[in-house]
Amino acid sequence: MKTASTLRLLRPDELDAAHLSVWSALRRSCASLESPFFAPDYLRAVAAEHAGVELGVAEQDGEPVAFLPFQRLGRRHGAPVGRRLCDFNGIIATPEVDLAVPEIVSACGLSVWRFDHAPVEQQALRPYHRRVSRSPLLDLSDGFDAYARAQRAGGSALIPQIQRKARKAAREVGPLRFEWQTDEPEVLAALLRWKGQQRRRTDTVDPMQAPAARALVERLWHTDTTELGGVLSALWIGDELAAAHFGLRSDTVLHFWFPGYGDGLARYSPGLILLLELARGAAARGLQRLDLGKGEERYKRQLMTGEVALAEGQVAVGALHQAWGEVRYGALAVARSRPMRGAVRVSKRAVRRALYALGRLKTGG
């Protein structure tokens with residue numbers, strides 16, 4: 001068992017070759033760290049567009065053994081790097097490292113560090129879990145055809161349905177053309193427009209409205225390293241752009257991130273056709289897995305062959321900050337899960353409880 005004895009607080013641009021070598025070795029040795037969101041290039045891309053991206057480096061005898069990336073909000077609150085855009089986060093470390101997480105958080109100058117997509121395999125975070133969700137995936141380790149056969153053997157009829165719709169679209173509209181990676185700005189513009197329209201229909205927050213978020217997607221689109229690449233894919237039916245997707249890939253995983261499709265050809269399910277083509281293209285390039293991200297959408301349940309358990313929670317330092325962390329965490333959780341009126345009502349109750357707790361702590365009661 002390795003024990004981290006010291007900690008250094010760094011900016012992403014201060015990582016040297018030795019840090020990056022250890023980081024890459026940790027990811028290769030731990031399957032739960034294969035997501036592209038755990039790549040150092042993702043951290044540096046976000047830091048180029050967003051303020052407050054830092055990381056704690058835990059060391060033993062001067063050698064790094066763990067990394068804690070975070071985005072500082074205000075002075076003492078840490079959030080996942082990229083905030084709402086980050087679909088996997090946590091600590092970059094192997095299970096045998098003994099980590100005193102509150103001490104690391106404190107040494108980073110934080111009172112509260114929040115995580116919301118941490119693999120449950122990260123033992124050091126288990127005392128701080130509040131909720132565990134499932135992130136569906138497609139196992140492509142034996143190729144696309146093996147995946148499709150496994151789906152049919154499991155009783156799923158969705159893939160044949162999608163393939164029939166693709167043939168129908170080709171007959172009625174025109175031939176289908178899929179591009180794994182396109183460099184056409186018009187495709188990205190259409191995708192962002194479709195996502196904005198979808199968010200307005202569902203009355204949900206569109207993170208792509210922020211200029212920094214759009215700039216981050218642009219930067220990631222032009223990133224192409226061994227451990228991280230932005231993949232902008234497109235499906236045309238006839239001469240019409242029918243669907244598009246922007247995702248991230250590592251050397252083993254494609255992450256299904258921002259899909260979208262136009263209304264004109266929606267009857268042919270172009271989004272699902274595109275998803276199957278992404279799976280086929282990922283397998284052809286040697287990627288082992290397609291992560292679909294957290295969510296209970298029906299198509300995810302029907303196409304998945306496995307899942308990753310992801311935890312959310314927070315680490316707070318000191319009783320006062322633990323109480324305040326309860327307020328903040330409760331308000332965020334309610335805002336994500338309930339209509340605004342209910343969120344306001346429950347948040348007020350949480351604030352009253354926390355103020356009462358804070359009063360008792362201050363007076364020693």
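Guide: Arg249 lies in strand E11 and Asp224 in the loop between helix H7 (211-221) and strand E10 (229-237), so the pair ties together parts that are 25 residues apart in sequence. Helices (H or I, at least four residues) and strands (E, at least two) are DSSP runs, numbered from the N terminus. Keep in mind that this is a predicted model, where local features need pLDDT of at least 70, side-chain atom pairs count only at pLDDT 80 or more, and totals for chains, interfaces and linings use all residues. Residues are numbered from 1 along each chain as its sequence is written, and side-chain values use heavy atoms, with hydrogens and water left out.

Arg249 is buried at 14% relative accessible area, while Asp224 is exposed at 65% (buried is under 20%, exposed over 50%, partly exposed in between, with a 1.4 Å probe and protein chains only).

Now look at Ser250, in the loop between strand E11 (240-249) and strand E12 (253-261). Ser250 is buried too, at 1% relative accessibility. Its side chain reaches the backbone nitrogen of Thr252 at 3.2 Å. Setting aside neighbours within four places in sequence, Ser250 has contacts (heavy atoms within 4.5 Å) with residues including Arg27, Glu34, Thr226, Glu227 and Leu287.

Technical notes. Polar contact = N/O pair within 3.5 Å; in protein donor to acceptor, adjacent residues only side chain to side chain.
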